[in-house]
Amino acid sequence: AKLIASCPNKIRIEGHSDNIPIKNKRFSSNFELSAARALSVLEYFTRIKGLPAGRFYAVGCGEYRPLFPNDTKEHRAKNRRVWIIFEGTPRWSRLNRIDIHGFTFKIKEFLR
């Protein structure tokens with residue numbers, strides 16, 4: 001949230017799933033599951049962290065953009081994920097590092 005607040009770019013939140021078909025009372029497809037993952041992250045940033053909702057949009061990708069083949073339990077777990085993507089070239093405002101829970105991240109400018 002600190003990093004997103006420091007940069008005015010639009011934020012795309014992508015939800016992903018593995019390729020095991022889901023069908024239960026809550027989700028009828030992996031698209032719905034992946035969209036719900038993305039929306040829960042979006043709601044965290046807007047409701048809990050108070051960031052402006054107009055900066056965000058959520059996308060459900062289902063099982064169609066895997067990072068790994070869905071051939072093992074471990075690979076399927078890695079394909080169940082959410083990505084937070086800064087649209088365009090991030091424009092950092094006076095921030096060259098950020099401290100989160102005891103970890104320091106150095107921010108580099110992109111495409112000066």
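This is a predicted model: local features need pLDDT of at least 70, side-chain atom pairs count only at pLDDT 80 or more; totals for chains, interfaces and linings use all residues.
Residues are numbered from 1 along each chain as its sequence is written, and side-chain values use heavy atoms, with hydrogens and water left out.

Let me give the overall plan. The protein chain has three helices and five strands, where helices (H or I, at least four residues) and strands (E, at least two) are DSSP runs, numbered from the N terminus. Along the sequence, the pattern is α-β-α-β-α-β-β-β. Of the 112 residues in the protein chain, 30% are buried. Buried means under 20% relative accessible area, exposed over 50%, and partly exposed in between, with a 1.4 Å probe and protein chains only. Contact means heavy atoms within 4.5 Å. Among contacts in the protein chain with a separation of 6 or more, 64% are between residues 24 or more positions apart.

Three strands form an open sheet in the order β2-β1-β3, with mixed pairing; two strands pair if DSSP finds at least two bridges between them. Why is one side of β2 and of β3 left without a neighbour in the sheet? β2 (56–60) and β3 (82–86) stand at the edges, and each has a single partner strand, so one side of each has no neighbour there. Neighbouring strands of this sheet are turned by 20° against each other on average, direction ignored. Such angles run from 0 to 180 degrees between N-to-C directions, and the axes are lines fitted to C-alpha atoms, for helices over the stretch in contact.

Strands of a sheet pair through backbone hydrogen bonds, either parallel or antiparallel. β1 and β2 run parallel and are joined by five bridges, whereas β1 and β3 pair in the antiparallel sense, also over five bridges. On the β3 side, G15 stands opposite V82. The helix α2 packs on the sheet and touches β1, β2 and β3, and its direction makes about 160° with that of β2.

How much of β1 is covered? Four of its five residues are buried. E14 lies in this strand, which spans residues 11–15, and its bridge partner in β2 is V59. E14 is buried, since its relative accessible area is 2%. The side chain of E14 makes a polar contact with the side chain of H16 at 3.0 Å. Beyond its neighbours within four places in sequence, E14 is in contact with several residues, including A38, R65 and W83.

Now to the core. The largest nonpolar core has eleven residues: I4, C7, I11, I13, A38, V41, L42, F45, L51, F56 and F86. A nonpolar core is a set of buried Ala, Val, Leu, Ile, Met, Phe, Trp, Tyr and Cys residues joined through side-chain atoms within 4.5 Å. Which elements give two or more residues to this core? They are β1 and α2 (30–48), and α2 gives the most, with four residues. Leaving aside its neighbours within four places in sequence, F45 is in contact with A1, I4, I13, G50, L51, F56 and I84.

Finally, I return to the loop between β1 and α2, where D18 lies. D18 is buried, with a relative accessible area of 8%. A polar atom of its side chain lies 3.0 Å from the backbone nitrogen of I20. S17 lies in the loop between β1 and α2 as well, and S17 is buried, with a relative accessible area of 2%. The side chain of S17 reaches the backbone nitrogen of E63 at 3.3 Å. S17 and R65 are 48 residues apart along the chain, and their C-alpha atoms are separated by 8.6 Å.

Is L67 buried or partly exposed? With a relative accessible area of 43%, L67 is partly exposed. Thank you.

Methods:
A polar contact is a pair of N or O atoms within 3.5 Å; within protein, one must be able to donate a hydrogen and the other to accept it, and residues adjacent in sequence count only if both atoms are side-chain atoms.
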